[in-house]
Amino acid sequence: MGKCRDYKKKKGGKMDSPASPDEFNNGTSLMENMLGLLRIRVKRGVNLAVRDVRSSDPYVVVKMGRQKLKTRVMKKNINPEWNEDLTLSVSDPRLPIKLTVYDHDTFSKDDKMGDAEFDIRAFIDALKMHLQGLPSGTIITREQPSRNNCLAEESCIFWSEGRVIQDLCLRLRNVECGEVEIQLQWIDLPGCKGL
Ligand SMILES: [Ca+2]
């Protein structure tokens, strides 16, 4: 009985916990923390794995943190040309970006066709140089393929028509074959913290 009373007393005396400032300001802090947008052009897949009888129906999924974007499905094509832009909002440039290729299947679960990971630290560093007026094609930095990245060949960060661009050719892991070519471009967003 005494216990019960104590409980009641405690409960009655307790104030409703106010919502934390974070809960109120989520919308604005998201924009304030955002550095800008990363546009990933998924250009093409080369020699992708066969997951159906003779071909595959590939599409690409790109993930960064909680964001997840995908390209359209290319029917029966292991050398697909997507040329599709996927745009991520970037607040932490150290986060790795994961790219996974799947084979679309109508009557069963989509099969994996390999994955790759890359980060945008070198690209962000090049952007932070705030270069101006270089001739198109000027190379700013190069990233070499290594055991610690998924590059199939040297990746160039270069100046093109007033912008910094990075071309990457990613070798897919956890699969017998396949590469995916992508291109990075940065988009400044008004109201963002910026780089
Ligand atoms: Ca299929």
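Which residues in helix α3 (residues 121-128) are buried? The legends below take up this helix after the sheet. This is a predicted model, in which local features need pLDDT of at least 70, side-chain atom pairs count only at pLDDT 80 or more, and totals for chains, interfaces and linings use all residues. Residues are numbered from 1 along each chain as its sequence is written.

**View 1. An open sheet of 4 strands with antiparallel pairing.** The order of the strands is β3-β2-β5-β6, where strands (E, at least two residues) and helices (H or I, at least four) are DSSP runs numbered from the N terminus, and two strands pair if DSSP finds at least two bridges between them. At the edges lie β3 (67-70) and β6 (111-118), each of which pairs on one side only.

**View 2. The pairing of β2 with β5.** Strand β2 (residues 58-64) runs antiparallel to strand β5 (residues 97-103), and 6 bridges join the two. Valine 60 has valine 101 in β5 as its bridge partner.

**View 3. The buried and exposed residues of helix α3.** Phe123, Ala126 and Leu127 are buried (20 or more other C-beta atoms within 10 Å of the residue's own, with C-beta atoms placed from the backbone). Seen down the axis of α3, these buried residues fall within an arc of 100 degrees, taken from the directions from the helix axis to the C-beta atoms, so they line one face of the helix. On the other side of α3, Arg121 and Lys128 are exposed (12 or fewer such atoms).

**View 4. The residue that follows α3.** After α3 comes histidine 130, which has a positive phi, near 50 degrees.
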